[in-house]
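Welcome! Please take a look at the model below before reading on.

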Amino acid sequence: MFPIHRPRRLRKTETIRRMLRETSLFPDNFIYPLFVTFGKGIKKEISSMPGCFQESVDEVVKNAKEVYSLGIPSVLLFGIPEHKDETGSSAYDEHGVVQDAVRAIKGAIPELYVITDVCMCEYTSHGHCGLVKDGEVQNDPTLELLSKEAVSHARAGVDMVAPSDMMDGRVEAIRFALDEEGFSEVPIMSYAAKYASAFYGPFREAAESAPQFGDRRSYQMDPANRREALKEAALDIEEGADIIMIKPALAYLDIISDVKDAFDVPVAAYNVSGEYSLVKAAGKLGWIDEKRIMMEILTSIKRAGADLILTYFAKEAAKILRK
Ligand code: PBG
């Protein structure tokens, strides 16, 4: 004991700290979300998410080029369609915004790894993640729509699909549909443990996907539950998920750590819109050191066990990491 043991010896200089650092971030760990809208020449900043935009396909391609040039290997696409209806038919339209964006991005930057969010909420007039009947979100009929959506993304040339709807059995349904259509090599990253979180608030403005009635608590997980996340992850892996995602990230570091310990698949964590907006807002007020907080948050998500981090901070963090 003291005075023999002095842990401060190993913290004396930046060089020794650097040598013993247990967790390092790399731009390779990041996936940058992009919001694709219809039209041309459109780049509209999302007010609650400074630095993030709704962009038409031509603008999204420019943004994707910048992302790739910063050393970030991957983007995640969300769509804001021109038409919304009860069944979210734009979600599986061959010429939907996401399908067009996938073709355009893969055409311009073939090496950039393009992932698509597979969900109905951006495409349905009621804003729920599935088909609605008598005020209830229907599980099994939704699986068919999600499968069609995933296949349409695959036909457009997507590298990986990421279902975020939280319907039961959707990984298996999407896996079968992809295999049947000849896309057995397209992996699935499932939002396995996705919580009914208030941290998604700004995203719903960004993707224009707020539910028009009720909330998502009958399909997304209760924030109070920890063991249930392991059950969700186990089911998704059994159904064929290649990567398991936890979402949100920062308030759920225990879940990331549990899932990492329990399974041998890669783990992704989604540092969601509300986590980003909080930092941006406090930074703007001068109440925090925004850049340091950003790096600390991203490091903590990786330290908890995330192999991949989906984050709106990807570009800013990559610029710091490249220095
Ligand atoms: C769609 C979806 C959501 C997010 C990703 N996919 C919103 C939701 O479930 O309401 C949230 C992303 C974020 O907040 O950054 N189902």
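The model is predicted, so local features need pLDDT of at least 70 and side-chain atom pairs count only at pLDDT 80 or more, while totals for chains, interfaces and linings use all residues. Residues are numbered from 1 along each chain as its sequence is written, and side-chain values use heavy atoms, with hydrogens and water left out.

**The whole chain**

- You will find eleven helices and twelve strands in the protein chain (DSSP runs, at least four residues for H or I helices and at least two for E strands, numbered from the N terminus).
- The C-alpha trace spans about 70 × 45 × 40 Å along its principal axes.
- Of the 323 residues, 54% are buried (under 20% relative accessible area, with a 1.4 Å probe and protein chains only).
- Taking contacts (heavy atoms within 4.5 Å) between residues at least 6 apart in sequence, 74% join residues at least 24 apart.

**Around Asp159**

- Asp159 sits in the loop between helix H4 (140–156) and strand E8 (160–163).
- The relative accessible area of Asp159 is 18%, so this residue is buried.
- The side chains of Asp159 and Lys106 are joined by a polar contact of 2.7 Å (a pair of N or O atoms within 3.5 Å; within protein, one must be able to donate a hydrogen and the other to accept it, and residues adjacent in sequence count only if both atoms are side-chain atoms).
- A polar atom of the Asp159 side chain also lies 2.8 Å from the backbone nitrogen of Val114.
- Beyond neighbours within four places in sequence, Asp159 is in contact with Lys106, Leu112, Tyr113, Val114, Val186 and Pro187.

Methods:
Buried means under 20% relative accessible area, exposed over 50%, partly exposed in between (1.4 Å probe, protein chains only).
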